[in-house]
Amino acid sequence: MAESQLLQTARDHALALEKGVNDVVVGQTQAVRLILIALHARGHVLLEGGVGVGKTTLLRAFSKALGGAFGRIEGSVDLMPNDLLYSAWVNADGKPVIDPGPLISHGEETAVFFFNEINRARPQVQSLLLRAMAERSVEAFGKEYRFPHMVVFADRNAVEKEETFELSAAARDRFLFEINISRPEEDEIRRRLIFDPAFHDVDQLLAGISEPLLDYRELNQLDREIQRSIFVSPEIENYVVRLWDASWKPAEMGIEMDDVYVEDLVVAGASVRGMSAMVRAAKVSAWLEGRDHVLPDDIHTVLLPSMTHRVFLSPVYEGRREQIMPQFVSALRDHIATP
C-alpha cells in the first residue's frame, strides 16, 4: 500500500510537471510526453528538428521544473574532448585560469545536459559524451566527476551537411528516443508563437515555472519502483518479440510498403538494448496513464521514437530515412497482430 501511494504521488507530480511545461512551450504536447517518459525511464534523447523550433526552450523548461542544473555546449568542427571538461582563459593580471567545463561544472546537480548540433563535433568528442552517458561520470583534474541524475539531450543539424560527423550505430543506440520537434501545425498556436509578446522573451516565459515540480534526485529510485510495479503479460512479451523480429526481417514477416522493396530495405534491426529500453519506456507510459500493466497502446506510444534511429537502412533508402521510418514503424504496428 505504501508503494502504491508513493507511485500515485509521484504520478501527480509528473503530470503537474507536464502541464507546467505545456503552459510555457505550446504546440509540443507529444514531444513533452515523450521527454517526460524518457526522464522517468532514465534514458537519453536525440532531438530532431529545424532551427528555431524551441528545442532549447523546451529543455530549459524541463530543467527548471526538475529543479536541477542545466548544462549546454555547441558542437563545432574544432571542438575537442577537453572542451567538455575544462575551459582555459587569461585573467586581467595576465595569468592563465582553468575552470571546469560545461559537462562537469554543475557536478551532481546536473539534471539536463544539452549537446547542440552533436554531429558537428568530431567522433572523439562524441565518444567522450557516450562514456558520460553510459557511466554518468568522467575523469578530469585528476579525479572522478559523477552526475548520477543527468539525462543527455543531443540535437543533430539535419540541414547543413558540410563539416559534419554522423553518429555511429553504437552511438545512436545509446539514446532511448529520437524525438522530432517540428513547427506546430495548429493555426492558433502558430499565431500565438509569432505575435504574442509573451513568447518573445524566453527568460520571462520560463519565469512562469516558479518552483521545481519534481525532484530530479528522486528519479532514479522512482524508475526502479515503476519497473518493479508495472506488469508485462506473456501476450505483450510475445507481441514485442514479433515486432523485434519484424524490424530485422520485415519481408519474412509479411511487411509491405508502397514504393519500397522491403526485401532490400533493412541492413540491421533494433538491438537487444533498444528493445529492452522500449519496454522500460512502455512501463512508464502505462504508469503515467494510471495502470499497473502494459497495453499495446503503451508500446505504440514509444515504438516510433524507440526504433526510428535503431533500424539501419540500406544505402539506397538511407537518404529517405525521415520519410521511410514513420511508414515502416506504422507498417509494423498495423501488420503485427496485437494481443
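User: What makes a set of grid points a pocket, and how much space lies in the largest pocket here?

Analyst: On a 1 Å grid over the protein atoms alone, a pocket is an open set of points with protein on both sides within 12 Å along at least five of seven lines, and its volume is the space filled by probe spheres set on the points. In this predicted model, whose totals for linings use all residues while local features need pLDDT of at least 70 and side-chain atom pairs count only at pLDDT 80 or more, the largest pocket holds about 930 Å³ of space. Residues are numbered from 1 along each chain as its sequence is written, and side-chain values use heavy atoms, with hydrogens and water left out.

User: Why is the pair of phenylalanine 141 and tyrosine 145 called edge-to-face?

Analyst: Rings of Phe, Tyr and Trp (its six-membered ring) pair if their centres lie within 6.5 Å, and planes under 30 degrees apart count as stacked, over 60 as edge-to-face and the rest as tilted. By this rule there are two aromatic pairs. The ring centres of phenylalanine 141 and tyrosine 145 are 6.5 Å apart and their planes stand at 70°, so this pair is edge-to-face.

User: How do you know whether tyrosine 145 is buried or exposed?

Analyst: Buried means under 20% relative accessible area, exposed over 50%, and partly exposed in between (1.4 Å probe, protein chains only). Tyrosine 145 has 15% relative accessibility and therefore counts as buried, whereas phenylalanine 141, at 45%, is partly exposed.

Terms used:
1 Å grid on protein atoms, 1.4 Å probe; cavity = no way out; pocket = protein on both sides within 12 Å on 5 of 7 lines; lining within 4 Å.
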